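Please open the model in your viewer and keep the selection tool handy.

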Amino acid sequence: FADQCDIELAPYRGTDFSKIAFVFCGQGTMSKGAMADFVKSGPVFQLRFKELDQITELSGLGKASDFILNPEKVTDKSTESMYSALCLFTLQVSMFE
């Protein structure tokens, strides 16, 4: 399949956005502790995860970033799926930025 696609990995500098697609991986690709290096080292990642934590803490859910940065703190299996989805989305938005 890959040889049938024309994928450009260079930054797009044009003005016609009609043929641009954003492809996000599924939640099943996320595991506790994954991508911790990115979150720790990149200012954009840190900012977005700080914002995510503010939202989840205001909602009474605790720090979603613990799923990545402190996985040993995430012991409630019922919240893992939600944290996984939130963290994966936040990672993908951060990468786009």
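The tour starts with the overall fold and then turns to the salt bridges.

This is a predicted model, where local features need pLDDT of at least 70, side-chain atom pairs count only at pLDDT 80 or more, and totals for chains, interfaces and linings use all residues. Residues are numbered from 1 along each chain as its sequence is written, and side-chain values use heavy atoms, with hydrogens and water left out.

Begin with a cartoon of the protein chain: you will find 4 helices and 0 strands (DSSP runs of H or I with at least four residues, and of E with at least two, numbered from the N terminus). Buried residues (under 20% relative accessible area, 1.4 Å probe, protein chains only; exposed is over 50%, partly exposed in between) account for 27% of its 97 residues.

Next, look for the 3 salt bridges, each a side-chain nitrogen of Lys or Arg within 4 Å of a carboxyl oxygen of Asp or Glu.

Select Arg48 and Glu51, whose side chains meet at 2.6 Å, N to O. They sit 3 residues apart in helix H2 (residues 43-58), about one helical turn.

Now go to Glu80, which is buried at 17% relative accessible area. Lys32 belongs to the segment before helix H1 (36-41) and Glu80 to helix H4 (residues 77-96), so the pair ties together parts 48 residues apart in sequence.

Shared partners join Lys32, Lys77 and Glu80 into one network of salt bridges.
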